[in-house]
Amino acid sequence: MRLTAEDFKEVYLIISHDDCFWSAKDDGITEINLPNYIITLLENDSCYVLRPMEGALFFLFPVNYVCYDLHTIILPKVREKCFLSAKQAISWFMKNVPQCKKIITHIPEHHKRAMMLSAQMGMEEEGIIKEAFLFNSELQNLHIWGNSVSELKKRNKEVA
C-alpha cells in the first residue's frame, strides 16, 4: 500500500491527470516542478504516500509527532469507491503509525467533494485559515477538518 520512489510513474500519472491536477494543487505547483515535488514526497521517510486501490492516492504528512495532515487524489473512474479506499488507507496508516493520535486535512474552499469525503470518514470541520490557498490567481480560505484517531475508530467500525 505504501509507495516509494520506484512508484514515481504511477503517482505522476494520477496527480497530473487532467481531472485531478487542477484541484490537487495551488498555483505554486506547475507541470514543470511537479516531478521534483513527487520525488521529494516519495523519498521522505516521514511522509506516507498510500495507494489502497488503483487510481486513489492518500498522502499523510507529519505536522508534529502525533498529528498528521491528510491529502487525497482520486481519479474519476474510482470516485464511487473513494469512501472504501479512504477507510483502507486510514486503517493501514493507524496500524503502521501508532504514534499518530490525530488526523487533519486542509481543504480549499472550492473542493466540496473533499469536504463530503472528510465528513463521511468521521472528520469534523475545526476551523478556517483565511485566504491561505492560491487557486486560479485568487486567494481562497482553507477549511481545516480533523478528528482524533480514537474518534475515527469509533465512527468507522471497520477501521480499527
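These are my notebook entries on what I looked up in the structure above.

**Entry 1: ground rules**

I am working with a predicted model, in which local features need pLDDT of at least 70 and side-chain atom pairs count only at pLDDT 80 or more, while totals for chains, interfaces and linings use all residues. Residues are numbered from 1 along each chain as its sequence is written, and side-chain values use heavy atoms, with hydrogens and water left out.

Strand S1 covers residues 48-53, and five of its six residues are buried, so the strand is largely enclosed by the rest of the structure.

Which way does S1 pair with strand S2? The two strands, S2 being residues 56-62, run antiparallel to each other and share four bridges; strands count as paired if DSSP finds at least two bridges between them. Met53 faces Ala56 of S2, and two residues lie between the strands of this hairpin, where Gly55 has a positive phi near 90 degrees.

**Entry 2: the core**

I looked next for nonpolar cores, meaning sets of buried Ala, Val, Leu, Ile, Met, Phe, Trp, Tyr and Cys residues joined through side-chain atoms within 4.5 Å. The largest has 44 residues, and Phe93 and Ile103 have the most contacts inside it. Contact here means heavy atoms within 4.5 Å. Beyond its neighbours within four places in sequence, Ile103 is in contact with a list of residues including Leu60, Tyr68, Phe93, Met123 and Trp145.

**Entry 3: salt bridges**

How many salt bridges does the model hold? I noted six, counting a side-chain nitrogen of Lys or Arg within 4 Å of a carboxyl oxygen of Asp or Glu.

In one of them, Lys77 and Glu54 have their closest N and O atoms 3.7 Å apart. Lys77 is in the loop between strand S3 (67-74) and helix H4 (82-96), and Glu54 is in the loop between S1 and S2, so this pair ties together parts that are 23 residues apart in sequence. Both Lys77 and Glu54 are exposed.

Another joins Glu126 to Lys102, with an N to O distance of 2.8 Å. Since Glu126 belongs to strand S5 (residues 124-135) and Lys102 to strand S4 (residues 102-108), the pair ties together parts 24 residues apart in sequence. Glu126 is partly exposed at 42% relative accessibility, and Lys102 is partly exposed at 26%.

The salt bridge of Glu151 with Lys154 spans 3.8 Å from N to O. These residues are three apart in helix H6 (residues 149-155), so about one helical turn separates them. Glu151 is partly exposed at 22%, whereas Lys154 counts as exposed at 51%. Through shared partners, salt bridges join Glu124, Glu151, Lys154 and Arg155 into one network.

**Entry 4: positive phi values**

I reminded myself that most residues other than glycine have a negative phi.

**Entry 5: helix H5 and what follows**

Which residues of helix H5 are buried? In this helix (residues 112-120) they are Ala114, Met115, Leu117 and Ser118. Viewed down the axis, they fall within an arc of 160 degrees, so they line one face of the helix; the arc is taken from the directions from the helix axis to the C-beta atoms. These buried residues pack against S3, H4, S4 and S6.

After H5 comes Gly122, with a positive phi near 100 degrees. The backbone oxygen of Gly122 lies 2.8 Å from a polar atom of the Asn147 side chain. Asn147 lies in strand S6 and is buried, with a relative accessible area of 8%. Not counting residues up to four places away in sequence, Asn147 touches several residues, among them Lys102, Ile103, Gly122 and Glu126.

Note on methods
Buried means under 20% relative accessible area, exposed over 50%, partly exposed in between (1.4 Å probe, protein chains only). A polar contact is a pair of N or O atoms within 3.5 Å; within protein, one must be able to donate a hydrogen and the other to accept it, and residues adjacent in sequence count only if both atoms are side-chain atoms.
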